[in-house]
Amino acid sequence: GVAALEVTDTTRDVADVAEQAERAQASIGPSGVVNAIMNERNYTSLWLVGTEGVIDLPVDSLDEARQRTDGSVEAFREELGGAGDEVRAIYGPALDALDQLDEQRAMADSYDGERNIAVDNPVRDEVWEGYSDLVTTLSDLTTELAYAIEDDDLRLGVQLIDLAVRQVDRFSKAVRVSTAAAVRGGGSIEDQQQYAEAVRLHTEGMRHHDRILELAGATAFGAAGEELQVESAETGMMELTQQIVEENVVDIAGLLDAVSIEPDESYYGFVADVSDVIRDRADHLQGEAERRQRTVLAVAALVLLVGAAATLLVARSISRPLRSLTRQARDIADRALPQAVRSVHEVPLGQDVVVPDLGPVRVRTRDEVADLADMLTTVQTTALDLAVEQAVLRRNATDSY
């Protein structure tokens, strides 16, 4: 029973670890989709105002941006198809939301106005908001998923991916608002509001950047955090952000240069590094759980074998004396006692009758079966005495006649 309970508990632990690992690794898929959507959003937004060449984005054309998004979405759907019910339930709304991509693309393709940054373009704003809503939906679901993970390292990894993706989105919005306000000149109230919004976004960006580095800190993600700190400093984004917040001045050229990074640098590379650590941690946990399960199964099998052997030995220790006792009792009843009585009858007249010695009933044990053997010896002696007495009485009666 104990072995069965241990095996059951260990099997449950393996299933729980597998589920935790699946949840953590499921967060990696949406981060790729979110990055692809943000790249498509950023390129589409720049394309609508004719400035797609001023920033070096991870994609070089609208078609490439859409193809990468479609590829990420398809991979995400396939991953969810093989995931557990809980993961599919969490990310189910995301699949429905992704259907809005076609609507945003059709809206951008239908724009036939002037593509100039100095010209108001309501389609650009509407498309930007549509893409941003998708990004927010996916990010919120990743945040929800993090709460369902029990392992500290896996949960922290999912949180770091979520924070990093949101940080990239925050910087994208900050750059968009900052450049728009700077290009317009800042004379109107709307421009002043945009400057204020830019300052707010940049302030949040600095605060969340420090928070991400603090969380990564002395953990399994420490190396990824250190690399992020170095690469972020090299881009100059943090210095420009500090300048915008403190001086309320936007260096458009410097800002555009700071966000023109390689696909594996800064926060892009940080998300990839954290994802690798999550995969390694998930594999490690699953390996440990499976090894523990194999050990418990081996011990349980050994316990069962020992138990079976002990049961067999105990059974034989009881059955052997009982069989010996049965055999001796049958020998007494069928042979020894009748022969003893017969020997008494066969003693010639005039000779003394000698009581035969049948010998005690013996078993090689010192338990209750030995006590029963002693009782059978007593019964045998008593029966023999009675038989001899009756034989002597009959003999004496015969002698009298």
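1. Helix H9 (residues 222–235) packs against helix H12 (residues 266–345) with the axes 9 Å apart and at an angle of about 170°. Axes are lines fitted to C-alpha atoms, for helices over the stretch in contact, and angles run from 0 to 180 degrees between N-to-C directions. H9 and H12 are therefore roughly antiparallel (over 145 degrees). Helices are DSSP runs of H or I, at least four residues, numbered from the N terminus.

2. The model is predicted: local features need pLDDT of at least 70, side-chain atom pairs count only at pLDDT 80 or more, and totals for chains, interfaces and linings use all residues. Residues are numbered from 1 along each chain as its sequence is written, and side-chain values use heavy atoms, with hydrogens and water left out.

3. On the H9 side, the contact with H12 (heavy atoms within 4.5 Å) involves Ala224, Gly225, Glu227, Leu228, Glu231 and Ser232. H12 contributes Ser266, Tyr267, Phe270, Asp273 and Val274.

4. The axes of helix H5 (residues 101–109) and helix H6 (residues 122–147) come within 10 Å and cross at roughly 165°. This makes H5 roughly antiparallel to H6.

5. From H5, Leu101, Gln104, Arg105, Met107 and Ala108 meet Val123, Glu126, Val127, Gly130, Tyr131 and Leu134 in H6.

6. Glutamine 167 lies in helix H7 (residues 152–184). Glutamine 167 counts as buried because its relative accessibility is 0% (buried means under 20% relative accessible area, with a 1.4 Å probe and protein chains only). Apart from neighbours within four places in sequence, glutamine 167 is in contact with Gly205, His208, His209, Ile212 and Tyr267.

Methods
Helix = DSSP H or I, 4+ residues; strand = E, 2+ residues; numbered from the N terminus. Parallel < 35°, antiparallel > 145°, perpendicular 65-115°, else oblique. Buried < 20%, exposed > 50% of the residue type's maximum accessible area, 1.4 Å probe, protein only.
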